[in-house]
Amino acid sequence: MNYPRRAIGKTSIEKLIVAANKYSTSIWEVISDFQKYPVEINRGTQARIGEFVTMIKSFQAEVNEKDAFTLAERIAKSSGIMRELINEKNKGPEEVERFQNIEELLGGIQEFVNSNEDDSVKTLADFMLEVALLTDADQDKPEEKNHVSLMTIHSSKGLEFPNVYLVGLEENLFPSQMALQSRTDLEEERRLFYVAVTRAMHSCTISYASSRFLWGQAISCEPSRFLDEIDPNYLSFNTVKQPMGKGSFGNKFQTARTGGLNKNLGAPPPGNLRSLKDVKRAQASNNESNESNKEIKVGFNVEHERFGKGKVTHMEGSGADQKATIFFPHHGSKTILLRFANLEVLE
């Protein structure tokens, strides 16, 4: 009731709990009718509680009229929860994670709505029912030993599993965008990645998305820098073939989107979405490009298929581990492993 803060004090909430117990009813019934269930709370607080009740009733009135995503988005914004999380996300990684959880929830709800094959409206109640059914299905066979444990990296510390699957290995996600602001935070993210990988007893499968659907737009993603830090001798690249037709997001991946400095990035055709296996295949099939990479030097102007034109400002390493730091006007400085970069040297 008081999150985000609505100037409804702890004492007032305690009085509501006592009143609900006294009248043998719920707190909701009490706050919905103070005349029927009198409570010793000042008029100012009662007015603020009344505004909260009105807001909840407006959500209830739309639950069977609006689709699940439209209502969920309105709840997140009108309740002030989204604004609260946006204001708090600069405080640290945990606050960023809370904000990202809401984004992922809304994204999941929108996917649920867009996956509808008929003209009926999929309501928030339908979404909750599906989630409840999925949860119940997880509990149908408690005696079954073969199962998947879903957890955060923090909660996995000290545990081991035969097979581990890590998802979301993308820049601004892992490492978190907040962690990129200081070396200390970035090192903490790197230690977390080490913890995650070392939970595996036999195999660790790592994946990243080439594109994510966020707030109605398809956002291009860059693989995490941590992937470049793994010894290639311990990597095996695989991918899953994706259908070329519409996904659950319909054709919204075809909408244009913008990136750094409002540069129009256009819409990536499905064939341009790259997996780890695509990167490996490109490495094996571009011998000529690999040879040209050896000639790259500081001061050279180059062109990258994703970041566009840039200038080499620093070189380090040699052979398969050679890296180049390149300044791209619309994306800033990027340190790139040359054997994966497929750079074109410009005259």
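1. Lys77 and Glu73 form a salt bridge, with their closest N and O atoms 3.5 Å apart; the term requires a side-chain nitrogen of Lys or Arg within 4 Å of a carboxyl oxygen of Asp or Glu. The two residues stand four apart in helix α4 (residues 68–78), and are therefore separated by about one helical turn. Lys77 has a relative accessible area of 47% and is partly exposed, a class that lies between buried (under 20%) and exposed (over 50%), computed with a 1.4 Å probe on protein chains only. Helices (H or I, at least four residues) and strands (E, at least two) are DSSP runs, numbered from the N terminus.

2. This is a predicted model, in which local features need pLDDT of at least 70 and side-chain atom pairs count only at pLDDT 80 or more, whereas totals for chains, interfaces and linings use all residues. Residues are numbered from 1 along each chain as its sequence is written, and side-chain values use heavy atoms, with hydrogens and water left out.

3. In helix α8, Arg190 and Glu187 lie three residues apart, about one turn of the helix, and their side chains meet in a salt bridge with an N to O distance of 2.5 Å. Both ends are partly exposed, Arg190 with a relative accessible area of 22% and Glu187 at 30%.

4. Lys334 forms a salt bridge with Glu222, the closest N and O atoms being 3.4 Å apart. Lys334 belongs to strand β10 (residues 332–337) and Glu222 to the loop between β4 (217–220) and β5 (257–258), so this pair ties together parts that are 112 residues apart in sequence. Glu222 is partly exposed, at 23% relative accessibility.

5. The structure holds nine salt bridges, and a network of them links Glu62, Lys66 and Arg74.

6. The second largest pocket has a volume of about 1,800 Å³. On a 1 Å grid over the protein atoms alone, a pocket is an open set of points where a 1.4 Å probe fits, with protein on both sides within 12 Å along at least five of seven lines, and lining residues have an atom within 4 Å of a point. The volume is the space filled by probe spheres set on the points, which are joined across faces, edges and corners.

7. Of the 40 residues lining the second largest pocket, Leu150, Met151, Thr152, Ile153 and Val167 lie nearest its centre. The elements giving two or more residues to this lining are α6 (93–114), β1 (161–166) and α8 (183–197), and α6 supplies the largest share, seven residues.
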